[in-house]
Amino acid sequence: MITGILNPDEGDILLDGKSITKTPMDAKRQFGYVPDNPDMFVRLKGIEYLNFIADIYQVPSEERKEKIEQLAKKFEIYDDLGSTIQSYSHGMRQKLIVISVLLHNPKNWILDEPMTGLDPKASFELKELMREHAKNGNTVFFSTHVLEVAEKLCDRVGIINRGKLIFVGTYEKLKEQFSEDGSLEELFLEITENE
Amino acid sequence: MNNILLLTKIFLKTSIFRNISSSNQENKKNIFKALGIILIGIYVVAVFGFLSYQMIDMLNQMNQASLFLGLWLLSTAVLILIQAIASSMNLFYFSKDIENVLPLPIKPYQILVAKFNVLLITEYFTVFMFTLIPFIIYGIVTGAGLLFYLYSVLILLVFPIIPALISCLLVMIFMSFSKFAKNKDMFQIISMFLIIGFVIIVQLFAQNNTDTSQEEMIHMLTQANGLVEMVEKYFITLKPAVDTLVNYSSIAGIISFGELLLISILLYLLFIALSQKLYLKGAVGASISGKKSKSIKNEKGTYTNKKVWRSYLKKEMIMLFKNPIYFMQCVLPAFLLPVIFAIVFFAGSDESLKEITQMAINPTVVLCVAIGINTFLLSMIFISVTAISRDGQNAVFMKYIPVPLYKQIIYKCLPSIIISIIPIVFVIVAISYLLNYYNVLFIIYSLIISILISILYSYLMIIVDLKRPKLNWDTEYAVVKQNFNMIFCFAFSIAMIIIICVMGGTLANFDINIVALVSSVVLLFLIYLVDKYFRVKSDRLLDKIT
């Protein structure tokens, strides 16, 4: 719903003050979205895909050149940008999508299972980027099944069980509420079993 | 044997029937939708029935009714030959199920037979749709007995085997070379062209060899059902098939059917023996391109920014042209048909054409003919009707990027319109050349009206795809082949052609300028209405895409 894929039955969602229902184009410029399936437009070359996304977000040439080179080198796929996405591994596709999302410098990142298929180094790099982005006063909103990642990375966690949001808050608050001293994994099991 | 049945069932489920059952569920929810589809079905059947009735009736008066059977079965054979080339390529080489089946303890020939069964079953759909109604009408017109219908069904089950075998074998021979190819996608597109070219050339060759002299022709015409002998030479099983149906009431019918069955079984066994090794050699890894890193050339243009519409259109075109399945299924038929017609026309005798040229040409009628042919070819372009479905799960992409949905719908309509210009121009040039009729007004008007029809077609078909998208598919093959929406393309062209025919008939005496002006204005108005609909409803139109 935040991204505009689903329409809300009622109410509204504001992204940095821009309504996703009333001014969807402005709202959509406020975030970058990484879907869970990285098999996007696989017949395009890596660079073609990045240029396409940059065109859509109207990123000026100089800026996109700098960004693409910097990010692609960081994620070690710079030398593969001339090949079609079809020839990429799952991890490389994931990296490409992540790079494409960062091109227009969105303040809010929305990532659906972003670590899936990433090699340890790329996963580390991405986590660093996420942390850095949040530290600069921006928002990183992501879903994960790997609870260690959530525990180490998140300022606030939400727990969804069978489609229902059963907890939102900080890790500390979670521990307080359930008076447990275990890891997030243990807490999660405890909460979802009680439901 | 059990393995074969099991595999056939699984391959069928993964390819056709799952989709049919899911669409059934949808239909249950919406009776109106089902009714609409049935109506269109009846409509198509009625047109087919009407056309074949005219033909049978005419031939029956000349005492040549069986020629219809020969011609219709020959067309069926050609249809299967061409269709099976694309289908077998997809079924045997692109569907990923083969990689899951190979590790199982199943013999290669069992996989092969099961795959061929699936191909045959999919061909049966086409064959029955194409021939059932005409055959029934033939039966009624000639007053045939019940046995005729029974034989018809048997023939329709046995007859498609050999054309399907031939296509399969050709595809396998070509695909066994695929591992030597660097660019596999390109290789597949080129081999497809080569195989179809080969089939056409063989057909032409057969045609020239069986050229009949005028005396023979007269002799045949005077003989009851004599003409059919002329046609029968084109295809090995055509004669026994036609003979069975003509002599259905006597023992000769059984003998002919036995002959047909025997030839088919022998060739089938031969095919299995020959293709076993050929198939597995080419099948594994046919769809996997070798992984080579290719870095970008740091040229000046690498990072230049383009307008959103240009970039979007470029993406759509690349996705269409670089994907052999989409290219073969959505784009190719519209190019191939005019080329085949042209070859047949130029290779055949041009006596009849010279006669036509000497007749007075009515510009309005020629205009209608050109527009009619173009409309027919448009219904072979499946670009707009699959514009959303082709993206599959990625179709949601449209909803979260900051480009208005209305604009994206229009961008997605553009490839179909742009590509349609090529066959449109080809047809207009061919008509001008064949009729020796070079009239600037005719060329300009037919071009403008055809393009307007193409725009309307593209707009309407994308609505069909938006309303009934097919986003959950395993292989790209399913997007076109197992997509019921195609019927709307044919319905559009049939409706349009009927309007054009009526127009040609009633307005023949009107000035070409007036006819062109009025039809352009009407088309522009319709396009405006659909465009308005897009603007107002674009949000709701994408409701099904989640």
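A crossing is left-handed if the near helix is turned anticlockwise from the far one by less than a right angle, and right-handed if clockwise. This is a predicted model, in which local features need pLDDT of at least 70 and side-chain atom pairs count only at pLDDT 80 or more, while totals for chains, interfaces and linings use all residues. Residues are numbered from 1 along each chain as its sequence is written, and chains are lettered from A and ligands numbered from 1 in the order in which they are written.

Helices here are DSSP runs (H or I, at least four residues), numbered from the N terminus. Let's start with H5(B), residues 108-141, and H7(B), residues 161-175: they pack at an angle of about 125 degrees, with axes 10 Å apart. Axes are lines fitted to C-alpha atoms over the stretch in contact, and angles run from 0 to 180 degrees between N-to-C directions. That angle makes H5(B) oblique to H7(B); the cut-offs are under 35 degrees for roughly parallel, over 145 for roughly antiparallel, 65 to 115 for roughly perpendicular, and oblique for the rest. The crossing of this pair is right-handed.

## Who meets whom

Residues are in contact if their C-beta atoms, placed from the backbone, lie within 7 Å. From H5(B), B:Phe116, B:Leu119, B:Leu120 and B:Glu123 meet B:Ile161, B:Ala164 and B:Cys168 of H7(B). By class, this contact has six nonpolar, no polar and one charged residues (Ala, Val, Leu, Ile, Met, Phe, Trp, Tyr, Cys and Pro are nonpolar; Asp, Glu, Lys and Arg are charged; the others, Gly among them, are polar).

H7(B) also has H3(B), residues 65-94, as a partner: their axes come within 8 Å and cross at roughly 45 degrees. H3(B) is therefore oblique to H7(B), and the crossing is right-handed. The contact includes B:Ala77, B:Ile80 and B:Phe92 of H3(B), with B:Ala164, B:Cys168 and B:Val171 among those from H7(B). Its classes are 15 nonpolar, two polar and no charged residues.

## Where the chains touch

Chain A brings 34 residues to the contact and chain B brings 30. On the chain A side, H1 (24-28), H2 (46-56) and H3 (61-74) each give two or more residues, and H2(A) gives the most, with six. That side has 16 nonpolar, nine polar and nine charged residues.

## How confident is the predictor?

The model scores ipTM 0.86 and pTM 0.76. Chain B has a mean pLDDT (the predictor's confidence in each residue, from 0 to 100) of 80, and 81% of its residues reach 70 or more.

Note on methods: Two residues are in contact if their C-beta atoms, placed from the backbone, lie within 7 Å.
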